[in-house]
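Welcome, and thanks for taking a look at this one. Have the viewer open as you read, and follow along topic by topic.

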Amino acid sequence: MTAGGPRVAVLDYGSGNLHSATRALAAAGAEVELTADPAACASADGLVVPGVGAFAACMAGLLAVDGGRIVADRLAAARPVLGICVGHQVMFTSGVEHGEASDGLAVLPGVVAELDARPLPHMGWNTVEAAAGSRMFAGIESERFYFVHSYGVRTVDGWPQTALPSFTEHGGDRFVAAVEYGPLWSTQFHPEKSGAAGGRLLRNWLKTLKETNEA
């Protein structure tokens, strides 16, 4: 654990970018714990759900540590959650890979499917069309962020009016790059691999944790 600012739990369910996310959050000023303990995840000021690889595999790992309930309970209590990459994708209704559909956490309606773009994967730096009024992208609206993925959510049909999607285009296909929805923030890109811009985004999130504590 590192000492400093808001207490952040990074949900440990075997995802590959756990340690890079932990290091980036600590550098941004958080007190970070890598854990799958439900009590620790519930009591932390913020919860990070990372993820790399296949949607179905990440969902299996989450369910094995009761991650679905952990996320649902935090969001129901208006406690901040940050999803990253596949941790962003699992917040939607389902994911379709190789013709097979897997259930997601269904925080927002949407299907994660292969991008209609080439080349795939979409890998490297790209800009984000930030939503009007976005707090996530405050001060970094024109910056580039690091993406590595072949799948994404491309429509926001049926989304609540309070949900703020931000978009990115790759190979002529437009997809949801990030979303702000009450206590949930999530990003398709990797802020922990996005240099100074990613660090600013994480600090923007940590600021909301302080505000939640003070409310």
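Phe137, Phe145, Phe147, Phe175 and Phe189 are joined into a cluster by ring pairs. Please keep in mind that this is a predicted model. Two open sheets are described below, one of seven strands and one of four strands, along with the loop between S13 and H6 that holds Gln188 and His190.

**Aromatic pairs**

- The structure holds seven aromatic pairs.
- One of them joins Phe137 and Phe189 in a tilted arrangement, with 6.1 Å centre to centre and 50° between the planes.
- Phe137 sits in the loop between strand S8 (122-127) and strand S9 (144-149), while Phe189 sits in the loop between S13 and H6, so this pair ties together parts that are 52 residues apart in sequence.
- Phe137 is buried, with a relative accessible area of 1%, and Phe189 is buried too, with a value of 0%.
- Phe147 and Phe189 form an edge-to-face pair, because their planes stand at 70°, where over 60 degrees counts as edge-to-face; the ring centres are 5.5 Å apart.
- That pair also links distant parts of the chain, with Phe147 in strand S9 and Phe189 in the loop between S13 and H6, 42 residues apart.
- Phe147 counts as buried, at 0% relative accessibility.

**The loop between S13 and H6**

- Gln188 belongs to this loop and is buried, with a relative accessible area of 0%.
- What does the side chain of Gln188 make a polar contact with? The partner is the side chain of Gln89, at 3.0 Å.
- Leaving aside neighbours within four places in sequence, Gln188 is in contact with several residues, including Phe147, Phe175, Cys85, His88 and Gln89.
- His149, Tyr151, Gly152, Val176 and Ala177 are also among the contacts of Gln188.
- His190 is found in this loop as well, and counts as buried at 1% relative accessibility.
- The side chain of His190 makes a polar contact with the side chain of Glu192, at 2.7 Å.
- Beyond neighbours within four places in sequence, His190 touches Asn17, Gly51, Val52, Ile84, Cys85, Tyr146 and Val148.
- For His190 and Val148, the C-alpha atoms are separated by 8.0 Å, although the two residues are 42 residues apart along the chain.

**The seven-stranded sheet**

- This open sheet has mixed pairing and the strand order S2-S1-S3-S4-S13-S12-S11.
- Its edge strands are strand S2 (31-35) and strand S11 (164-170), each of which pairs on one side only.
- On average, neighbouring strands of this sheet are turned by 20° against each other, direction ignored.
- Strand S1 (residues 7-11) pairs with strand S3 (residues 46-49) in the parallel sense over three bridges, and Val8 stands opposite Gly46 in S3.
- Helix H1 (residues 18-28) packs on the sheet and touches S1, S2 and S3, with its direction making about 165° with that of S2.
- S1 and S2 also pair in the parallel sense, over five bridges, and Leu34 in S2 is the bridge partner of Val10.
- From S1 the chain crosses through H1 to S2, a β-α-β crossover that is right-handed.
- Helix H6 (residues 195-214) lies across S1, S3, strand S4 (81-84) and strand S13 (184-187), and runs at about 170° to S13.

**The four-stranded sheet**

- This open sheet also has mixed pairing, with the order S6-S5-S7-S10.
- Why is one side of strand S6 (100-103) and of strand S10 (151-152) left without a neighbour in the sheet? These strands stand at the edges, so each has a single partner strand.
- Strand S5 (residues 92-97) and S6 run antiparallel and are joined by four bridges, with Gly95 standing opposite Ser102 in S6.
- Gly99 is placed in the loop between S5 and S6 and counts as exposed, at 68% relative accessibility.
- From Gly99 to Ala113 the C-alpha to C-alpha distance is 9.5 Å, and the two are 14 residues apart in sequence.

Notes. Residues are numbered from 1 along each chain as its sequence is written. This is a predicted model: local features need pLDDT of at least 70, side-chain atom pairs count only at pLDDT 80 or more; totals for chains, interfaces and linings use all residues. Side-chain values use heavy atoms; hydrogens and water are left out. Two strands pair if DSSP finds at least two bridges between them. Axes are lines fitted to C-alpha atoms, for helices over the stretch in contact, and angles run from 0 to 180 degrees between N-to-C directions. Contact means heavy atoms within 4.5 Å. A crossover is right-handed if, with the strands pointing away from the viewer, the path from the first strand over the helix to the second runs clockwise. Buried means under 20% relative accessible area, exposed over 50%, partly exposed in between (1.4 Å probe, protein chains only). A polar contact is a pair of N or O atoms within 3.5 Å; within protein, one must be able to donate a hydrogen and the other to accept it, and residues adjacent in sequence count only if both atoms are side-chain atoms. Rings of Phe, Tyr and Trp (its six-membered ring) pair if their centres lie within 6.5 Å; planes under 30 degrees apart count as stacked, over 60 as edge-to-face and the rest as tilted.
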